[in-house]
Amino acid sequence: MNSTFKMVLAASALLGLTACVSAGGPVYYDGYYDGFYGPLYDGYWGDDNFFYHSGGRGQPFVRDEGNHFQHGAAAGFNSFHQAHMGPHTGHPHESVHR
């Protein structure tokens, strides 16, 4: 009986892990941000190495031309771990998420 419980528990854990890698799930981006644009709602590092950010749901993604997002730590910047939803190929994205 004890071994059956362990097998069920292990199978549940494996099933839970598969949900984390689903094709439609978020992609995570890390970086540093100085807060210039206000709160970060959504964003991603584009193929051009610029950070694209959005101020809210349905708002367009804007390319950070002022270097307010960086890959490395710097004075006045705070780290972030951003979960980005939506299409994950063909960066930069279309101008508005749907």
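What follows is a short tour, stop by stop.

Before you click, note that this is a predicted model, where local features need pLDDT of at least 70, side-chain atom pairs count only at pLDDT 80 or more, and totals for chains, interfaces and linings use all residues. Residues are numbered from 1 along each chain as its sequence is written, and side-chain values use heavy atoms, with hydrogens and water left out.

Stop 1: Switch to cartoon and find the open sheet of 3 strands, in the order 2-3-4 with antiparallel pairing. Its edge strands are strand 2 (42-45) and strand 4 (62-63), each pairing on one side only. Strands here are DSSP runs (E, at least two residues), numbered from the N terminus, and two of them pair if DSSP finds at least two bridges between them. Strand 3 and strand 4 run antiparallel over 2 bridges. Select tyrosine 52 and you'll find arginine 63 of strand 4 opposite.

**Stop 2: the salt bridges.** How many salt bridges does the structure hold? There are 2, a salt bridge being a side-chain nitrogen of Lys or Arg within 4 Å of a carboxyl oxygen of Asp or Glu. One joins arginine 63 to aspartate 48 at 3.1 Å, N to O. That pair links distant parts of the chain, 15 residues apart: arginine 63 sits in strand 4, aspartate 48 in the loop between strand 2 and strand 3. Together, Asp48, Arg63 and Glu65 are linked in a network of salt bridges.

Colour by accessibility next. Buried means under 20% relative accessible area, exposed over 50%, and partly exposed in between (1.4 Å probe, protein chains only). Glutamate 65 is exposed because its value is 54%, while arginine 63, at 30%, is partly exposed. Aspartate 48 has 31%, so it also counts as partly exposed.

**Stop 3: serine 54.** Jump to serine 54 in strand 3 (residues 51-54). Buried or exposed? Serine 54 is buried, because its relative accessibility is 3%. Its side chain reaches the backbone oxygen of glycine 56 at 3.0 Å.

Stop 4: Finish with asparagine 49, in the loop between strand 2 and strand 3. Asparagine 49 has a positive phi of about 70°, although it is not a glycine.

Conventions. Helix = DSSP H or I, 4+ residues; strand = E, 2+ residues; numbered from the N terminus. Polar contact = N/O pair within 3.5 Å; in protein donor to acceptor, adjacent residues only side chain to side chain.
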